[in-house]
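This briefing describes the fold of one chain and its contact with a partner chain. The sequence and structure are shown first, and the points follow by topic.

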Amino acid sequence: MAKKNPNIQQQINDEYDQLVQQMKPKPPYLRNIIAAFLVGGFICLIGQFVNNFYTGYLKLSVKEAAGPTSATMIFLGAFLTGLGVYDEIGKFAGAGSIVPITGFANSIVSPAMEFKREGYVLGVGGKMFTVAGPVLVYATITSIVIGLISWLLKS
Amino acid sequence: MSGTKKVGKQTVKFTHQPKIISTASIVGPKEGEGPLGRYFDKVLTDNIYGEKSWEKAESKIFKETIELAIQKAGLTEDKIDFLLCGDLLNQTIASNFAVRDFPIPFLGLYGACSTMVEAMVLAAMLVDGGFADYVVAGASSHHDTAERQYRYPTEQGVQRPLTAQWTVTGAGVVTIATEGTGPNITYATIGQVIDLGQKDADNMGSAMAPAATDTIFQHFKDTNHSPDDYDLIITGDLGKLGKKLTQEMLKQKGLDLTGKLEDCGVLIYSDKQDVHSGGSGCGCAATVFSGYLYNQLTNKKYKRIMLVATGALLSPTSSQQGESIPSIAHAIVVENN
């Protein structure tokens, strides 16, 4: 058989991709958006309760309460991941449970659990940040850039 | 080509008609709950099967399936000439670790999810060519070992796209022999690697459909058979979308398989099981053939079927480097005499 002509091959590929896009099932966008809104909103509501608890009962200032509130939410996310519940929530809510800080906890705890069998050093330690690592790297870079812009604007 | 067993460009015709004298299949709980549940030899109550890791569990499942296939054939390990196995894991460890306790010469195979038919074709060739009397061929996959190698940690909360498939937990093994009772293997069509530039690793049905189309089309061209000569043409793990695409592309080429074309990945789970496009993995075609299809053949529900196992030959590395997904499909024809 003759070697394939790259131009003709590209055309065949494009035509095939059109067929695929045509036949591909469309995700239920409206249902997904509503589920993400409700669950994401509910997680934030819990966060607000926790925040109110720290400011109201423990008399912390709003600024002081931010740290313990985040820590509590991270604990909840990690705990629910450990119980095997968070992946079920994620399946239903999509971005609604990925975007809040509980989702961030889930993205660190789930690989840590998954790779425990490869040992605590190379498994848990080495793989813990496989999902969250890129987020941390680029979030840190973004915060530096924003900090620089803010500093330049002030001076 | 001087051989008399080669027909056309890619097909071989078995002149001594090797027989499938036994099959065995062991599956996970989800597969057991599916519509084909009662056809499998054993359904596990959980995916870990008393082991310390998913990988160890997969090897244990595979090993027991091989033992069962040999036992059901009324044979002992020393009677088996060769063992041909494959799976999805890096360096095919599920197979290598499953067979290390067997004193049988072993050939390890990798054809992604097409491995079952690859193993059956080679086993049939060994038997037909007079190199062996008894060959055991099998393939396995495990949802959780595949998931952690190819995709996400199991506890990560993500929404899977509708085109995604669910890797089957299970192993299927067959014993192919020169003599004995069971359906015959009469033809095999070896696929070539086809790549139409699809890149979405969450949509493997679309990547593999062109390979299935090519192999099925080539089979009919090589043998001069018509679809009416077959009771069933069943692909390995194209899923709902891949099956639709294959049917459409074959229609465009002038082959109408309406009502004849099925897919193991579509049959193994029900819609209620939330698997989106269907099942996938080496174990999909392997368990559906060893369980359901073999049963239908021996009960004379089908006279002649063609099993076309499809494989997406990607790796997580190739996907991350932006490569498209090369795919392959091998076909084997099994019939009652």
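A residue is called buried when its relative accessible area is under 20%, and exposed when that value is over 50%, with partly exposed residues in between. By this criterion, buried residues account for 28% of the 155 residues in chain A. The model is predicted.

**Fold and overall shape**

- Chain A contains eight helices and zero strands.
- In sequence order, the pattern of chain A reads α-α-α-α-α-α-α-α.
- Chain A is more spread out than a compact globule, because its radius of gyration of 22 Å is well over the 15 Å that the globule rule gives for 155 residues.
- The C-alpha trace of chain A extends about 80 × 50 × 40 Å along its principal axes.
- Of the contacts in chain A between residues at least 6 apart in sequence, 50% link residues at least 24 apart.

- The size of an interface is often expressed as the accessible area lost when the parts come together.
- Between chain A and chain B, about 2,700 Å² is buried, with 56% of this area coming from carbon and sulfur atoms.
- Three residues, A:Y16, A:M23 and A:E114, provide 26% of the area that chain A buries against chain B, more than any other three residues.
- The contact involves 35 residues from chain A and 29 residues from chain B.

Terms used:
Residues numbered from 1 in each chain as written. Chains lettered and ligands numbered in written order. Predicted model: local features only at pLDDT ≥ 70, side-chain atom pairs only at ≥ 80, totals over all residues. Heavy atoms only, no water. Helix = DSSP H or I, 4+ residues; strand = E, 2+ residues; numbered from the N terminus. Rg over C-alpha atoms; globule rule 2.2 N^0.38 Å. Buried < 20%, exposed > 50% of the residue type's maximum accessible area, 1.4 Å probe, protein only. Contact = heavy atoms within 4.5 Å. Buried area = accessible area lost by both parts, 1.4 Å probe.
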